[in-house]
Amino acid sequence: MIPEKNINENKNLEKEKIGTFDFFNLEHFLVRIIKNWYWFFILGFLGYTTAFIYNKYYAQRVYASNTTVSISNNSSSYFTPNQSINFIWGNGSNQEGLFLKKLLTSRSHNEYLVQKLDLFIDYSTKGRLKTTYIDKDDSPVFLVIDKTHPQAVNIEITLIPKSSGKYEVVLPEKFSTNSLYDYNSEGFKKTHNFSRLPNKIIGINEWYETPFLKFKLVKNTQPIEIDLHNIVISLKTIDQTVNEIKNTISIEFDQELSTMMIITKSGYNLNSTVNFLNKSVEELIEKRKRDKSIVEKNTVEFIKENLDKAKIKLDSSSAKLNSIKVEEKLTDEKGDVSGILQSITSLEQKRADIITKVNALNAVKSSVGKNLDNLINLNAAGVEDGSFNATISELKALYAKKAELSTIYTPQSEPIKEINRLINDARGSSYKHLNRYYSVYDAELATINSQIAKYEEDLGTLPYKQQRFIDAQRGFTVNESTYSTLLAKLSESELRLRTNTSDITVIDKAKNLGQAPISPDTGFIRNILLFGFLLVPILILLISELLDNKVRVIKEVVNATKIPLLGVIGKNIHENNLSVLEKPKSSVSEAFRGVRANLRFLYKEDGKSKVLMVTSSIGGEGKTYVSINIASVLGLSGKKTILLGMDLRKPKIFGDFKVNNKVGISNYLTGEVKIEEIINKTRIPDLDVITSGPIPPNPSELLMSEKNQQFIEDLKKIYDFVIIDSPPVGLVVDSFELMKYTDANVYVVRHEYTEKYMLKMITEKYHNSEIKHLGLIYNDFEMDKGYGYGYGYGYGYGYFDEDANYEEPTLIKLRNKLKKILKIK
């Protein structure tokens, strides 16, 4: 039962597929692409040309340069840590490099550079097609603004050179602004709307002043290699400039040596990136020298103050020790307690050192909370911490920002409140780092005090005068150790102050070596534009292919309908439908002879007269043309044939044979005339024609009448073949009624005309056995349109005498040449 069920299911699936055309025919689509090759050539050329013009004249080149610096391992500053960072915590990572990377990309550092070097001023020059960005040093003049005057930003100020070293200042035609930027407060101020002012000519060092702009031009004393016809200058905000710079800086560390850092800057002008990097590193080195000097000076003062205090304590403990020695007549402690005393002394020296460091931490913490100008070096506390240094750097920048804002805003204003919040956050972060060291030192002090307490218990059993002597000796030793430690630290700080050098050493300066631009990727742009232009015809062809529902592929028609194909008829280039009669040696005539041979497979060869009906889906598909020529080839073959024009609604065949249509089948079926009166002779002796006659009011009733049936039977007694040119089955049902009297039925499908859905009805009736002895004729086929999809029918173009003027399609020529080269038969 199961196999039978599967067989039935497979049959049902196959039945469902019958009459269903492919949604998309890839082979036909590829042929259409090949046919329209010239569009791809044209658009490909346009795409390549567009890419060439864009890359050469419009695309802004982005360049990059880099500088390599080395980070010193023996520096001591709040602006860089050294290799011993967080030694207490055992961290051995590249903290100094990470800190410096953070600093170089920080807002505070880049804002300092922007303000110091006037990087908020952009220089460019305009050509006919594009704007070219230039370096400040390439401009013959520099623009210097008055920062106390509000300025209009992000507008183009064009300077046109005039005679005598003067320049014409040109503002944009559509200039209008109601918001001006204050470079001191770094904020905008609302004003009434300002309009464009007329052009004005100014000289070097002459102020150009308007309500919304105030600047002067300063001559560039360096030799200029570029002759500029105009200089376009644009002012930007500090924040905008800083963000642009931060987005164009990248920093990487050498994989083998982590203290080597490679700083890269990208921009629209190579010289600008080179100059920025070199000036940025130079300014950074100098700034860090100044910062280190201030810190080292504070550290020296702090150590000197503590040294004076230690000197007083040392003198006092020395006097006390000498006094006891005189009173008790003792010079040294001998015996078993000497070892204990030595241990206690060592521990107390350590404790004194830790206390000194804690005092330094207290001083640092006090400076963080009150005044950073008094900040001392953290290494006075025996530690160095890059993270702490970073918070101090941030805190310094916030204090500087607050000082600027305080000149504009009141203490209770929102900007001041916000900057205070940020300061408190940074200060809290600094305290957090310092508290870690307090915890470590407290733990060490607790351990040392515990050890000293044990030794003191042993010393408690000694005589009183010995205890006095030991206490004095311990006090003197501790004070002496503290004093010596401070002297050593003072020497170190003074040495650093005298030999103040930056912790950054330039290994390779940034240089203009003619580096190629890093972007845009001209090859990628070219490929994208080329692909985009080539995609246009592909999309057009694809959309038209998806929306096109006409039959264009012979193979597809045969596969979808499963109806036998009788033949493929080429395009009729004759002025009438008598192709076989008037062009008997043409390829079309030969195709109809092939159809005549294939018709024998639709009916039985029993020697009796045969009735053949020709129909189609709708009008215009060539059923009359096919009927006439099938009848012609049968008549020319010696078979007595008659052609009936039974399309009573739309008579046609009389015009081609030049016969009178006043009387015809309609007259006969209504009983007006006899059969002999409607038969017309043709130039072919064995071919007669009966036209449809006048259009009757009831054509269907006439065709389905018994008299029509008898009419066909009478003709069968006279003729070997009765050819019926019937109405289209897609419009009326007359043809289906006539099929009851036929021995074979021919269904005409016209290339690029018949809609695919029109074939579904005839296909279903054929496979449901409602229609028998049915065959297809594919009409109006052009080989250059459908090559590669046929079955070999009608491929005789150029072979027959009357096709001598036929020109082979390009694809056929290429195919034949390829076969000739490859020697393929």
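**Entry 1: strand S12 and its partners**

I began with strand S2 (residues 121-126), which is joined to S12 by 4 bridges, the two strands running antiparallel. I kept in mind that this is a predicted model. Looking along that pair, I found Ile121 opposite Leu235 of S12. Ile157 has Ile233 in S12 as its bridge partner.

Then I asked myself how many residues of S12 are buried. I found that 5 of the 5 residues in S12 (residues 231-235) are, so the strand is mostly covered, with buried meaning under 20% relative accessible area. Ile231, Ile233 and Leu235 point one way, while Val232 and Ser234 point the other way.

**Entry 2: a loop residue**

Setting aside neighbours within four places in sequence, I listed its contacts as Tyr167, Glu168 and Ile201. I also looked up Ile202, which is 40 residues from Lys162 in sequence, with 9.5 Å between their C-alpha atoms.

**Entry 3: two helices**

I turned to helix H2 (residues 26-35) and helix H3 (residues 37-58), whose axes come within 4 Å and cross at roughly 60 degrees. H2 and H3 are therefore oblique to each other. From H2, I saw Ile33, Ile34 and Lys35 in the contact, and from H3, Trp37, Tyr38 and Phe40. Sorted by class, that gives 5 nonpolar residues, 1 charged and no polar ones.

**Entry 4: salt bridges**

I reminded myself that side chains of opposite charge can pair when their charged atoms come close. The count for this model is 26 salt bridges. One of them joins Arg683 to Glu582, with the closest N and O atoms 3.1 Å apart. The two are 101 residues apart, Arg683 in the loop between S19 and S20 and Glu582 in helix H14. I noted Arg683 as exposed at 60% and Glu582 as partly exposed at 28%.

Asp725 and Lys623 form another salt bridge, at 3.2 Å between the closest N and O atoms. Asp725 lies in strand S21 and Lys623 in helix H16, so this pair ties together parts 102 residues apart in sequence. I found Asp725 buried at 2% and Lys623 buried at 6%.

Definitions and conventions. Residues are numbered from 1 along each chain as its sequence is written. This is a predicted model: local features need pLDDT of at least 70, side-chain atom pairs count only at pLDDT 80 or more; totals for chains, interfaces and linings use all residues. Side-chain values use heavy atoms; hydrogens and water are left out. Contact means heavy atoms within 4.5 Å. Axes are lines fitted to C-alpha atoms, for helices over the stretch in contact, and angles run from 0 to 180 degrees between N-to-C directions. Angles under 35 degrees count as roughly parallel, over 145 as roughly antiparallel, 65 to 115 as roughly perpendicular and the rest as oblique. Ala, Val, Leu, Ile, Met, Phe, Trp, Tyr, Cys and Pro count as nonpolar, Asp, Glu, Lys and Arg as charged, and the others, Gly among them, as polar. Buried means under 20% relative accessible area, exposed over 50%, partly exposed in between (1.4 Å probe, protein chains only). Two strands pair if DSSP finds at least two bridges between them. A salt bridge is a side-chain nitrogen of Lys or Arg within 4 Å of a carboxyl oxygen of Asp or Glu.
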